[in-house]
Amino acid sequence: MIVAVVATAAAGLSIVLAERRVRLVILAVQYVCVGLLVAAALPPAVAAAKSLAGLTATTILWTAVLLPSGGAAPHSRLQPERLHPMHWVAVGLVGAATLATGSQSWMGGTGITSEAALAAATLMGLGLLHIGVAQGALRVGIGLMTTLSGFEIAYSFVEPSLAVTALLGAVHLGIALVVSYLVRVLPLEDDRAREGSE
Amino acid sequence: MSGPGIVVIGSVLLAAGAALVRERPAVSGLLAALGAAALGAFAVLVPLDEARQVAGLSLKVNGTWSILGRALVLDASNRSAVGFLYSVGGFLFAAGGVARPGRYFFAVGVLGLATVAASLMIRPFLYAAILVEMTAMGCVWLLARRNRESHSAALRLLVLITLGMMAILLAGWMVESAGVATGAPEVAGRAALLLGLGFAILMALPPFHHWLPQAAQGSHPYAVTLVYALLQSAGLFFMLRFLDNYQWLRESRVLFQGIRWAGIVALLLGGTWGLVQASFSRFVAYVLIADVGASLLAISTQTAEGYRMALAMVAARAIALAVWGLGSTALQTGLPEAGVDRYSGAARRAPLPALVVFVGLLTLIGFPVTAGFPARWIVLELLSVEDTTSALFLLGAAGFLTISLARWMGIFLEGAEPLPRTEADPWQRLFLWGGVVLCLGFGVFPELLSTLLRAGWGLPNLIP
């Protein structure tokens, strides 16, 4: 149960924390937890590969967001984002609702463990909340990857196929690449202008 | 040799070739167009699983390609759809060299065609959803530019398609493993609901359409054309394949009633929101939403003729979108970046591109003598027998959008002062006139589309 709680806490913290580096570290922790949770349904090597795919996706995001570039002012990329206090309230409410749902047998008959069911529900709920409150590509990307991780935990119990696991792992990498492209290669004009003026 | 392998590997090589010559858009576009057309012809015409003598050698093209323990299968059930997709791609790429939507447009576009084609060929079918997700990732590349609308559209599309993928994966599991086919009504209802959600997202039906107006406003018009054509075709082919494969879905009155309501909502939203838009680009997005509504009404008739007309609308939509995208690209050269007066007097400044834009939109609306009209007329005939209300919605939406288009025409023509004209180059003019001829040619001589309508679409249970 500790792994499920850590995964839930990671998903909640990535919404309310402003510092990008910390959020990416938390995302990496979340992927490790996902690997541990799906190990109940998949062979250990496959579960480890799932974690590895997630960690690779996190590394791609880290590289795109945090490494200094030639043209842009690197310090401005590290400025923490401003967050509304209501984010804490929203995380509390959605977290409580999904914890309540996840503690019931919402996927009964599939052989899913109670720990995995709890983590799947909370990750999907908090991931969707993250997407809903997010503005920028990085936040939307992290929210989407969190939602997908929650779905994968549940889905690995109903469809423990190697090919599906591999393709879904590729989806995480693809999302990281797309988000990196938007953040790094094609930043918004107003963001670039702001960086130039700082 | 395996047919699906040739299609997929051929597409990857073609994309690599198009990327290599990306600095020369005309060459890149021509390469992608010819390659896509060749792959489309291969998918439709090549004899599968038969040994043939070619130049003294015995050649056999297998219909199955095994990869990672799964199979890609090219057979009668999907070869028409795969061939159609590549033909549409070839058609769009041919004019893309003139529209110049971006350096990687052709390479990413060909890969998008390959992933959609693979999603139609893959067995078991539930993997298709993941391949469509990969198509959506390519679409982000095509749509995103350095403005907030296009970023937002690209991200929304990615989020929606990912959620749609999850819904279709779960529905696929229910259909294949949880005993839906053996008649558990509760599970069947849930599976149908999840499938409906997935298809609604793929086809940008309300309320999952929000990425489309933003993309129309912020992205390159030709990129929107390809993305929309790809996702719409994928959504429609998926839906028809599911209906063809599963009798319990095909015979569900509730499901077809749901499809009809979804069509009516799309027509209502497209017609009314289109009428009140202050932005021409957003108006175009609502025309597209209404057009999908018409396709859904065709499917909801639950007749072979209705399914044929839905497929004919896909073909007409592809032509109209290409024509609109080309005209819109040519029109935007020399226009102010933004503002309410952006299009004021645009038709006097660039008459041919403006004409092409309006002909493309009239085709999407289904105006008489355009390529979009014959299929709509037959759907109206089918609906007038069984459901006059739906037929009135179809007519009403077309009427609203035509009135709105007339209002925009007035804005395009307004102003008394002579404006400096922007002339299209000869190649651009050739393609623009070609677009007008295509839209009107298929409308005046609808029998030209009859070959397409007679084609075996590999849906024996829907179109015997």
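Between chain B and chain A the count of salt bridges is zero, a salt bridge being a side-chain nitrogen of Lys or Arg within 4 Å of a carboxyl oxygen of Asp or Glu. Helix H5 (128–143) and helix H6 (148–177) of chain B each supply at least two residues of the side of chain B that touches chain A, and H6(B) gives the most to that side, with twelve residues. This is a predicted model, in which local features need pLDDT of at least 70 and side-chain atom pairs count only at pLDDT 80 or more, while totals for chains, interfaces and linings use all residues. Residues are numbered from 1 along each chain as its sequence is written, chains are lettered from A and ligands numbered from 1 in the order in which they are written, and side-chain values use heavy atoms, with hydrogens and water left out.

**The interface**

- The contact, which means heavy atoms within 4.5 Å, takes 34 residues from chain A and 26 residues from chain B.
- Chain B and chain A bury about 2900 Å² between them, 80% of it on carbon and sulfur atoms; buried area is the accessible area (1.4 Å probe) that two parts lose on being put together, summed over both.
- Two residue pairs, both at pLDDT 80 or more, are found in polar contact across the interface of chain B and chain A, where a polar contact is a pair of N or O atoms within 3.5 Å, and within protein one must be able to donate a hydrogen and the other to accept it, with residues adjacent in sequence counting only if both atoms are side-chain atoms.

**Chain A**

- Chain A has nine helices and zero strands; helices (H or I, at least four residues) and strands (E, at least two) are DSSP runs, numbered from the N terminus.
- Of the 198 residues in chain A, 55% are buried, with buried meaning under 20% relative accessible area, exposed over 50%, and partly exposed in between (1.4 Å probe, protein chains only).
- Among contacts in chain A between residues at least 6 apart in sequence, 76% join residues at least 24 apart.

**The sheet in chain B**

- Three strands of chain B form an open sheet in the order S3-S4-S5, with antiparallel pairing; two strands pair if DSSP finds at least two bridges between them.
- Strand S3 (64–67) and strand S5 (122–123) of chain B stand at the edges with a single partner strand each, so one side of each is left without a neighbour in the sheet.
- Strand S4 (residues 70–73) of chain B is joined to S5(B) by two bridges, and Ala71(B) stands opposite Arg123(B) in S5(B).

**Helices and single residues in chain B**

- Helix H8 (residues 211–218) of chain B is mostly covered, with seven of its eight residues buried, among them Trp211(B) and Gly218(B).
- Gln277(B) lies in the loop between helix H11 (253–276) and helix H12 (280–300) of chain B, and counts as buried at 10% relative accessibility.
- A polar atom of the side chain of Gln277(B) lies 3.2 Å from the backbone oxygen of Trp273(B).
- Leaving aside its neighbours within four places in sequence, Gln277(B) is in contact with residues including Arg282(B), Arg407(B) and Trp408(B).
- Leu31(B), found in helix H2 (residues 25–45) of chain B, counts as partly exposed at 35% relative accessibility.
- Not counting residues up to four places away in sequence, Leu31(B) touches Leu14(B), Gly17(B), Ala18(B) and Val21(B).
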